[in-house]
Amino acid sequence: MRMVFIGPPGAGKGTQAALVVKTYGLVHLSTGDMLRAARDAKTEVGQLADQYMSAGQLVPDAIILAIVQERLAADDCRRGYLLDGFPRTLAQAEALDRILADAKTPLDVVLELRVPDEELFRRLSGRGRSDDQPEVIRQRLVAYRQQTEPLLDYYQRRSLLKTIDGLGTVEEIFQRIQQVLNPLQSKSVEDR
Ligand code: AP5
Ligand code: MG
């Protein structure tokens, strides 16, 4: 299975991704985690990316696409993967489509985690990552609304989008996700 998680900062993408990859045997590909690892390793790309991340802005598409393209080519991705926080712009979505069309490995589903703003602030204020100060959270939300939300329509048109109510306990939300994924999983097994 090849899938994407879309949702605002604090929606629970990372939390749910951990459960999904364990249950369905997928590789977890989080561009945020990759960028933080590059930043902590003080690579050139990591230091450049940090300037954007600490301001709550999106890292330029060219940097992200180079990282993702290389990662998707690795052997382990053949068993299926969950893209967490990518794509985040129309240009990224279009580039991903080209990469996947060339490889003849289309996406199976795009899951949107929907959570009201007040709850996002509540969750992120309690966490304390370096980009979790109120002003940076606000900017991350602006970036989401302006640059990422248009992807919902993009994937809706391709009949790939499923929206999940992201309010509730971690376990309740995971059950909603399983209700969407289980039928798809049996289908992808039959197709083999
Ligand atoms: P990224 O790391 O992707 O962060 P984000 O999208 O802002 O979201 P978070 O990781 O903060 O939230 P999440 O939805 O994963 O929620 P989580 O499970 O952690 O990106 C960071 C930065 O990197 C971006 O701002 C950008 O600069 C750059 N970047 C990354 N990808 C990029 C791309 N493709 N293009 C350009 N730039 C890119 O949960 C949040 C908190 O809530 C946790 O404390 C958790 O324990 C708690 N929680 C989770 N579920 C629940 C629940 N059900 N109830 C109560 N609390 C909960
Ligand atoms: Mg995350």
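**Close-up views of a predicted model**

**View 1. Helices H7 and H8 cross.** In this predicted model, the axes of helix H7 (residues 134-148) and helix H8 (residues 150-157) come within 5 Å. Their crossing angle is roughly 35 degrees. On the H7 side, the contact is made by Tyr144, Arg145, Gln146, Gln147 and Thr148. Pro150, Leu151 and Leu152 meet them from H8. Sorted by class, this contact between H7 and H8 has four nonpolar, three polar and one charged residues.

**View 2. Thr148 in helix H7.** Thr148 belongs to helix H7 and takes part in the contact with H8. Is Thr148 buried or exposed? Its relative accessibility is 3%, so Thr148 counts as buried; the cut-off for that class is under 20%. Leaving aside residues up to four places away in sequence, Thr148 touches Ile6, Pro87, Arg88 and Ala143. Thr148 also lines the largest cavity, as do its contacts Ile6, Pro87 and Arg88.

**View 3. Strand E4 and its two partners.** Strand E4 spans residues 109-114. Five of its six residues are buried, so E4 is largely enclosed by the rest of the structure. Strand E1 (residues 2-6) runs parallel to E4, joined by four bridges. In that pairing, Val4 has Val110 of E4 as its bridge partner. E4 also pairs with strand E5 (residues 161-165). Here the strands are again parallel, with five bridges between them. Arg114 is bridged to Asp165 in E5.

**View 4. The largest pocket.** The space in this pocket comes to about 790 Å³. Its lining has 38 residues. Which of them lie nearest the centre? They are Pro9, Lys13, Arg88, Arg129 and Arg140. Helices H1 (13-24), H2 (31-40), H3 (44-53), H6 (117-125), H7 and H9 (170-190) each give two or more residues to the lining. H2 provides the largest share, five residues. By class, the lining divides into 14 nonpolar, 14 polar and 10 charged residues.

**View 5. The largest cavity.** The model has two cavities of 30 Å³ or more. The largest has a volume of about 50 Å³. Its lining includes Phe5, Ile6, Gly7, Pro8, Pro9 and Lys13. Gly85, Phe86, Pro87 and Arg88 line it too. Tyr144 and Thr148 are also part of the lining. Strand E1 and helix H7 each supply at least two lining residues. The class count is seven nonpolar, three polar and two charged. Pro9, Lys13 and Arg88 line this cavity and are also among the residues nearest the centre of the largest pocket.

**View 6. The second largest cavity.** About 40 Å³ of space lies here. What lines this cavity? The residues are Arg36, Arg39, Asp50, Met53, Ser54, Arg129, Ser130 and Asp131. Helices H2 and H3 are the elements that give two or more residues to this lining. Its residues divide into one nonpolar, two polar and five charged. Arg129 lines this cavity and is also one of the residues nearest the centre of the largest pocket. H2 and H3 likewise contribute to the lining of that pocket.

Conventions: Residues are numbered from 1 along each chain as its sequence is written. Chains are lettered from A and ligands numbered from 1 in the order in which they are written. This is a predicted model: local features need pLDDT of at least 70, side-chain atom pairs count only at pLDDT 80 or more; totals for chains, interfaces and linings use all residues. Side-chain values use heavy atoms; hydrogens and water are left out. Axes are lines fitted to C-alpha atoms, for helices over the stretch in contact, and angles run from 0 to 180 degrees between N-to-C directions. Contact means heavy atoms within 4.5 Å. Ala, Val, Leu, Ile, Met, Phe, Trp, Tyr, Cys and Pro count as nonpolar, Asp, Glu, Lys and Arg as charged, and the others, Gly among them, as polar. Buried means under 20% relative accessible area, exposed over 50%, partly exposed in between (1.4 Å probe, protein chains only). Two strands pair if DSSP finds at least two bridges between them. On a 1 Å grid over the protein atoms alone, a cavity is a set of points where a 1.4 Å probe fits but cannot get out, and a pocket is an open set with protein on both sides within 12 Å along at least five of seven lines; lining residues have an atom within 4 Å of a point. Grid points are joined across faces, edges and corners, and a volume is the space filled by probe spheres set on the points.
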